[in-house]
Amino acid sequence: PIPSVNQIELHCFLVEQEIIDYCKSKDIKMEAYCPIARAHEKARNNEYLNMLGGKVGGNRTWAHIMIRWCIQKGFIVLPKSITPERILANGDVFEFEIEQHEMVSLQELAKEKLRCSWNPLTTIWDV
């Protein structure tokens, strides 16, 4: 049977387009884990992400922009936090949109290929 959802590390710094295209062709939804790249310094300190956070207002941050990018791409988003304030803040992404030209610019960050978690394609499986 074909799965309904494929959960992979997915954020604007890591876009596995071949996997995304395959899943889309099979009507498999993409679920983004690590959508804020585990708060990696490259994400936290990215000038463009921080500028967009300030532009949309409402005390939004680079993390809001990364989560919203995933949503606008049509991905299911799974941000993780154990901090109650951050859990609430992670949901504050539905009252703004990223403009199309900004989405294109954010897509350029994928050239970084910033992987923050394990890679199932290179892991030796003990099966």
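**Entry 1: the sheet**

I started with strand 2 (residues 29–33), which runs parallel to strand 3 and is joined to it by three bridges. For my own record, helices (H or I, at least four residues) and strands (E, at least two) are DSSP runs, numbered from the N terminus. This is a predicted model, in which local features need pLDDT of at least 70, side-chain atom pairs count only at pLDDT 80 or more, and totals for chains, interfaces and linings use all residues. Residues are numbered from 1 along each chain as its sequence is written, and side-chain values use heavy atoms, with hydrogens and water left out.

Next I looked up the whole sheet: it is open, has three strands in the order 1-2-3, and its pairing is parallel. Two strands count as paired if DSSP finds at least two bridges between them. Strand 1 (5–9) and strand 3 (76–78) are the edge strands, each pairing on one side only. From one strand to the next, the twist averages 25 degrees; the axes are lines fitted to C-alpha atoms, and angles run from 0 to 180 degrees between N-to-C directions. I also noted that A32 has V77 of strand 3 opposite.

**Entry 2: salt bridges**

I then searched the whole structure for salt bridges and found eight, a salt bridge being a side-chain nitrogen of Lys or Arg within 4 Å of a carboxyl oxygen of Asp or Glu.

K29 pairs with D27, with the closest N and O atoms 3.5 Å apart. Buried or exposed? I checked D27, and at 55% relative accessibility D27 counts as exposed. K29, at 44%, counts as partly exposed. The cut-offs are under 20% relative accessible area for buried and over 50% for exposed, with partly exposed in between (1.4 Å probe, protein chains only).

**Entry 3: pairs across the chain**

R60 and D92 meet through their side chains in a salt bridge of 3.2 Å, N to O. R60 sits in the loop between helix 3 (47–56) and helix 4 (62–72), and D92 in the loop between helix 5 (84–90) and helix 6 (100–107), so the pair ties together parts that are 32 residues apart in sequence. R60 counts as buried at 11% relative accessibility, while D92 is partly exposed at 26%.

I found R68 and E97 in another salt bridge, at 4.0 Å from N to O. This pair also links distant parts of the chain, with R68 in helix 4 and E97 in the loop between helix 5 and helix 6, 29 residues apart. R68 is buried at 8%, whereas E97 is exposed at 59%.
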